[in-house]
Amino acid sequence: MTDSFARPGKIIAVHLSYASRADQRGRRPADPSYFFKVASSIAASGGTVERPAGTELLAFEGEIALVIGTPARHVGIDDAWSHVASVTAANDLGLYDLRANDKGSNVRSKGGDGYTPLGPDLIDARDVDPADIRVRTWVNGELRQDDNSSGLIFPLAQFVADLSQHFTLETGDIILTGTPAGSSVIVPGDVVEVEVDAPNAPGAPTSGRLVTTVTQGDVPFDDTLGSVPAVDDTQRTEAWGTTPADPSTGSGSGSVPAPEPVEGSGSPHPEPVGGSGSLHALFPDLRAKLEKAPTAGLSSQLRKRGHHSCFIDGVAANIAGTKIVGTARTLRFIPAREDLFKSHGGGYNAQKRLFDAVGEGEVIVIEARGDATTGTLGDILALRARTRGAAGVVTDGGVRDFDEVARIGLPVFSQGAHPSVLGRKHVPWELDVTIGCGGAAVQPGDIIVGDGDGVIVIPPSLVEEVVDAALAQEDEDAWIAAQVEAGNKVDGLFPMNAEWRAKYEAGR
């Protein structure tokens, strides 16, 4: 092994190669496809990688890297592995904010300085079976990826042979062989470690831990020079690595998401409020606007934009005058069944895990199938959520220890009090998944607002325009109310005709 290697002439990366990743993405390629990375993106273990200013979707990808030994041109698959000198760990970092702009070339999305950490050690390719090489990735000490080259759709040797059909693979060239399921978004302060090893080979050779720390950049992109970062729900979904949830853990095989700020206007660099498990975190100025806006006004603005199913029906506040604003963390109960409650109801179940993980400013939203004869939380869990700074709980079921939960001060919107114990009607099944609560679809990271009129769900992509419009309407309604109080007729004033509109605008 060695801790250094020459700077390569070429870095070729595979787009989609592991069955686990293909299943996650819902598509499986018939043949390998590739893109190039620039040599200046290479970094050593122990370094840092910068998330550029104004971006949110920097993602890690732990990979097996092949280092070419002897040049390969028109080699067959049976001979291809002999042209590989070494194997090591790689982190094929990418910025999904720029991925759509690149349309598959990944020049900007994966070409940044430090976007290809390699090492720290090299494993002699002759010492390992190419069909039995393991790759693992940790984020902040938590294992996020664990797969083996046996899980590849195409064998490692095929990449070498295939590429050699098109150009000469030269000594020192590097092939990044794709990432398995579990890749997800990382944020400043996160520490990513990737290790490639062959635990079943003699001596269990390893690359050692490839360590990279994420930092925050402060230089914005210049939109006068070229395309700039932009994200949508598709890029967010692929960056976060959304996967089918595992009922035994309550989460998908991807990472538990870190906050994705939902930013309001007027404050370019405020600190968002939201826990480490939320998909979104609200910046203070946007949260303040939502605190002022009534749900009636917000729902009107959603209706104008074609959203008619934003209401969580049948719930009321346990504390009169309560207003809750926050980002959703979700919990789903399934109907009671004895064997499933035995496997999922006891111990550190999904319900306990969520109340232990909820962060400041987040709202726990619970799907209890609209059954008011259920106790979906009690005083101990309410105390835990309150201690962690949760903004509140919304459940379409009932609440145990109702008076004590109110005394604790945790705002809860529910169908009311019920002494039912856990297990009588339901099983805590999974957390941080899309649920149905009170007839409304709720996804982790949705914006939840509740007051005396009820609770509504706002998609994050609409929240800023909706709250600004609602507040503007509130100002207008207050002016109309003053005119009515002064003795004016409602006709022509509510809604305002052209004459009254002119008076209103002049008064503003």
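**From one residue to the whole chain**

Tutor: This is a predicted model. Start with histidine 426. Its relative accessible area is 1%. Buried means under 20%, so histidine 426 counts as buried.

Student: In which strand does histidine 426 lie?
Tutor: Histidine 426 is part of strand S24.

Student: Which residues does histidine 426 touch, beyond those up to four places away in sequence?
Tutor: Among them are Phe333, Ile334, Pro335 and Ala336. Phe341, Arg369, Thr374, Gly375 and Thr376 complete the list.

Student: What should I look for in a helix?
Tutor: Think about the turn. An α-helix has 3.6 residues a turn, so residues three or four places apart point the same way. Now take helix H9, residues 350–357. Its buried residues are Ala350, Gln351, Arg353, Leu354 and Phe355.

Student: Which residue caps the N-terminal end of H9?
Tutor: Asparagine 349 does. One of its side-chain oxygens lies 3.1 Å from the backbone nitrogen of glutamine 351.

Student: How do I read a nonpolar core?
Tutor: Begin with the general idea. In soluble globular proteins, nonpolar side chains tend to be buried together. Here, the largest nonpolar core has 44 residues. Leu66, Trp81, Val87 and Val160 touch the most other members. Strands and a helix each supply at least two residues of this core, including strand S6, strand S7 and helix H4. H4 gives the most, with 6 residues.

Student: What is leucine 66 in contact with, leaving aside neighbours within four places in sequence?
Tutor: Its contacts include Trp81, Val87 and Val160. Ser86, Asp173 and Thr177 are also on the list.

Student: How many residues does the second, separate core have?
Tutor: That core has 21 residues, including Ala368, Ala390, Val399 and Leu410.

Student: Now the whole chain. How many helices and strands are there?
Tutor: The chain has 13 helices and 28 strands. Of its 508 residues, 52% count as buried. Its C-alpha atoms fill a box of roughly 90 × 60 × 35 Å along the principal axes.

Student: What share of contacts joins residues at least 24 apart?
Tutor: Take contacts between residues at least 6 apart in sequence. Of these, 74% join residues at least 24 apart.

Definitions and conventions. Residues numbered from 1 in each chain as written. Predicted model: local features only at pLDDT ≥ 70, side-chain atom pairs only at ≥ 80, totals over all residues. Heavy atoms only, no water. Buried < 20%, exposed > 50% of the residue type's maximum accessible area, 1.4 Å probe, protein only. Helix = DSSP H or I, 4+ residues; strand = E, 2+ residues; numbered from the N terminus. Polar contact = N/O pair within 3.5 Å; in protein donor to acceptor, adjacent residues only side chain to side chain. Core = buried A, V, L, I, M, F, W, Y, C linked by side-chain atoms within 4.5 Å. Contact = heavy atoms within 4.5 Å.
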